[in-house]
Amino acid sequence: MTTNNTRLFKKSLLAVTITLASSQAMAAGFQLNAQSATGLGRAFAGDAVIADNASVMARNPAAMSMFDKTELSLGFETITTDIKVSDATYTSAMNPISTPTSSNYDDAGGTSVAPNIHLIVPVNEKFAWGVNAYSNFGTSTDFGSDFAASEFGGETDIMSLNFGLAGSYRLNDQWSFGAGLDIIYGKGTLKRTTSSNLSANPNSPFNGLSLVDIDGADGWGVGFNVGTVYELDENNRFGLSYRYSPEITAEDSKGQEIKLPLPDMAEFSGYHKLEDTKFAVHYSLQWVGWKAFNKIEFGGTATTPDAAYEWKNAGHISVGTTYYLNNDWDLRAGYMYDIAAQDDLKSVSVPDSDRQWFSAGFTYHIDTASNVDFGFTYLLGEDVKNVNESTPLGTSVSATTRADAILLGLQYSRSF
């Protein structure tokens with residue numbers, strides 16, 4: 001193989017893995033819902049309008065107008081993934097004797113921790129402002145050095161932070177409006193090597209060749225969000241929000257520029273406390289414009305071609321309930337159906353499928369001004385069959401993938 005072909009292969013693999021590996025985050029595509037333990041406990045049903053603590057500003061800035069005191073919420077969420085590759089076969093045109101090779105893998109998942117903090121400050125009866133920081137995307141996965149199809153797996157550690165500044169205005173008793181600015185920082189470590197079975201010659205320099213070795217590639221992007229809340233009365237309200245997501249430009253240690261388009265999002269939520277009961281029902285419908293993620297630009301030259309993804313627009317629908325047990329305890333539960341962003345093109349390193357969220361949680365009120373929230377979600381994925389990938393080096397893999405996850409959230413909130 002010529003030096004130019006080897007260089008092209010490395011760059012092509014880098015273009016693929018820099019983004020698709022980040023899709024291990026446990027929502028459709030590589031979206032991560034990690035701004036609130038309260039929302040996690042109800043599968044984020046009604047999260048753009050319930051406004052039970054300051055974390056609501058991450059879903060709808062207009063909801064800040066519903067607070068008459070300064071509100072602070074801070075917490076974290078852990079995401080533990082269980083990723084399996086089964087019925088997998090690795091083939092190399094350079095090694096027809098020793099391949100096809102079984103390339104099953106039982107545990108490519110890992111655990112990520114995503115912190116969050118939100119602060120809302122009412123100025124008067126009309127205006128409020130707020131700041132927050134939370135994670136949009138995050139993952140930690142490792143296929144290990146013994147994964148036979150190592151070109152298609154590897155080590156991934158992706159993290160992003162969203163720094164937000166927002167304001168809201170109450171027009172009257174029914175209508176409120178809000179807008180915010182998002183500054184997004186992303187950082188990642190990615191490593192890929194060729195398979196030890198790539199060539200029939202055990203001493204071939206292409207066996208175990210390092211394809212990607214990125215440590216600390218980072219970049220920034222700027223987006224915005226807008227929203228509105230309509231309050232029919234104190235027990236019934238609706239929220240609508242829209243978030244424009246930027247294109248992140250990241251740079252690796254060698255100065256190579258990588259452009260990653262992120263999807264816009266729109267969400268409609270409703271909340272209804274049933275009259276003369278302790279129950280409330282709530283729901284959300286979210287649209288995510290993953291179709292914008294049709295390719296990643298990598299270098300922009302003939303020797304560093306763009307990588308195609310051709311994802312489709314997706315989103316989720318969620319429903320939930322809250323039971324206000326007494327002055328000390330609120331109990332909640334929810335269900336979400338999350339639609340996959342991948343369409344015809346699929347990947348071993350991206351077990352993206354339609355997913356179901358089964359969630360439960362509670363709030364314990366320490367006193368009238370402070371409380372603690374806990375949220376739990378079991379995320380159930382689907383088997384994705386007939387996943388087929390190939391590389392310019394003549395290697396390919398065919399497999400079935402599946403990704404499940406457990407999400408835990410803990411949060412402290414206080415009003416001043």
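## A close look

Mentor: Asn386 lies in strand E20, residues 384-390. Helices (H or I, at least four residues) and strands (E, at least two) are DSSP runs, numbered from the N terminus. This is a predicted model, in which local features need pLDDT of at least 70 and side-chain atom pairs count only at pLDDT 80 or more, while totals for chains, interfaces and linings use all residues. Residues are numbered from 1 along each chain as its sequence is written, and side-chain values use heavy atoms, with hydrogens and water left out.

Most residues other than glycine have a negative phi. Asn386 is not a glycine, yet its phi is positive, about 55°. Its relative accessibility is 63%, so Asn386 counts as exposed (buried is under 20% relative accessible area, exposed over 50%, partly exposed in between, with a 1.4 Å probe and protein chains only).

Ala43 also has a positive phi, about 55°, without being a glycine. Ala43 sits in the loop between helix H2 (37-40) and strand E1 (71-92). With a relative accessible area of 0%, Ala43 is buried.

Next comes the largest pocket, which holds about 760 Å³ of space. A pocket is an open set of points on a 1 Å grid over the protein atoms alone, where a 1.4 Å probe fits, with protein on both sides within 12 Å along at least five of seven lines; lining residues have an atom within 4 Å of a point. The volume is the space filled by probe spheres set on the points, which are joined across faces, edges and corners. Of the 31 lining residues, Ala51, Asp52, Asn53, His365 and Asn371 lie nearest the centre. Among the elements that give two or more residues to this lining are strand E12 (265-273) and strand E19 (370-380).

Strand E12 leads on to its neighbour. E9 and E12 run antiparallel, joined by 8 bridges (two strands pair if DSSP finds at least two bridges between them). Arg237 stands opposite Tyr271 in E12. Strand E8 (residues 210-233) also runs antiparallel to strand E9 (residues 236-244), with 9 bridges between them, and a hairpin of 2 residues connects E8 to E9. Thr228 has Leu240 in E9 as its bridge partner.

Finally, Gln174 is in the loop between strand E6 (155-170) and strand E7 (175-193). Beyond its neighbours within four places in sequence, Gln174 is in contact (heavy atoms within 4.5 Å) with Val229, Tyr230 and Glu231. Gln174 and Tyr230 are 56 residues apart in sequence but 5.2 Å apart in space, C-alpha to C-alpha.
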